[in-house]
Amino acid sequence: SVTFTSSINNAYFQAVGADLPDSSTEFMYVQVNVMRDWFQKFINSIIIGFTIGICVAAILTVAALLGGFYHFRQSVMDARLGKFDFQKKNAKLVFATAYIGINISSSIVSYILIVALVTLVTLPFTFTLTWRVIWENLGTIVVTFVLPKILNFILMKLTKKCIFGPTFIKSRAGASIFHFWSTFLALPGGVVTAIVRFVMGL
């Protein structure tokens, strides 16, 4: 934009022999400043999310390592007493170095994935532009995605005992209505389930 503005000024000066009035290009400089401000806030949001991700990943990784060490020690102590909670054929000494390497690499990959995931999750809430969009459409988001999931859960708890028996259907008409309504609620509510499964999968 700055280069384009300079080209306009040069073309105007060559044609008229005078500088272009500032008011003619002021709006372009305003837009440039707005875009620069957005990019700066976006960078700050990434830094904030990255910092939060590092802290969360460090806590989870240390907790997982401590839990793994405790479980490993407990398994070794039980094995000395003749109690095995694993297949002895899978605990050969030749696999010891591979086991250590897998644990180290898994810890590193998990740490990186947690940092990336937390950064992506926090970005919409730390970036002013996306947070403003979320806040302004919060009611629509809740009604469209969250409320159907809650209604489907409540409906399942209240109606399954009235319509279904252990191995039979008490009311065919009620079961038809129940399945139709559950399917209707599952369409938007499935978005929440998909997001939860994606996070759990990572």
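Colleague: How do you know that aspartate 37 and lysine 41 lie about one turn of the helix apart?

Modeller: Both residues belong to helix α2, which covers residues 22–80, and they are four residues apart, about one turn of the helix. A helix here is a DSSP run of H or I with at least four residues, while a strand is a run of E with at least two, and both are numbered from the N terminus. This is a predicted model, in which local features need pLDDT of at least 70, side-chain atom pairs count only at pLDDT 80 or more, and totals for chains, interfaces and linings use all residues. Residues are numbered from 1 along each chain as its sequence is written, and side-chain values use heavy atoms, with hydrogens and water left out.

Colleague: Why is the pair of aspartate 37 and lysine 41 called a salt bridge?

Modeller: The term requires a side-chain nitrogen of Lys or Arg within 4 Å of a carboxyl oxygen of Asp or Glu. The closest N and O atoms of aspartate 37 and lysine 41 are 3.3 Å apart, and therefore the pair meets the definition. A search of the whole structure finds one salt bridge.

Colleague: What makes aspartate 37 and lysine 41 partly exposed?

Modeller: Buried means under 20% relative accessible area, exposed means over 50%, and partly exposed lies in between, using a 1.4 Å probe and protein chains only. Aspartate 37 has 35% and lysine 41 has 31%, so both fall in the middle class.

Colleague: Why is the one aromatic pair called edge-to-face?

Modeller: Rings of Phe, Tyr and Trp (its six-membered ring) pair if their centres lie within 6.5 Å; planes under 30 degrees apart count as stacked, over 60 as edge-to-face and the rest as tilted. The structure holds one such pair. The ring centres of phenylalanine 42 and phenylalanine 127 are 5.4 Å apart and their planes stand at 75 degrees, so the pair is edge-to-face. Phenylalanine 42 lies in helix α2 and phenylalanine 127 in the loop between α3 (96–126) and α4 (128–136), so the pair ties together parts that are 85 residues apart in sequence.

Colleague: Which of these two phenylalanines counts as buried, and how do you know?

Modeller: Phenylalanine 127 has 10% relative accessibility and therefore counts as buried. Phenylalanine 42, with 31%, is partly exposed.

Colleague: What makes threonine 122 buried, and which backbone oxygens does its side chain reach?

Modeller: Threonine 122, in helix α3, has a relative accessible area of 15%, and so it is buried. Its side chain reaches the backbone oxygen of valine 118 at 2.8 Å and that of threonine 119 at 3.2 Å. Threonine 122 also touches Gly49 and Ile52, not counting residues up to four places away in sequence; contact means heavy atoms within 4.5 Å.

Colleague: How many helices and strands does the protein have, and how much of the protein is buried?

Modeller: There are six helices and zero strands. Of its 202 residues, 15% count as buried.

Colleague: How confident is the predictor?

Modeller: The average pLDDT, the predictor's confidence in each residue from 0 to 100, is 75, and 71% of the residues score at least 70.

Key
Polar contact = N/O pair within 3.5 Å; in protein donor to acceptor, adjacent residues only side chain to side chain.
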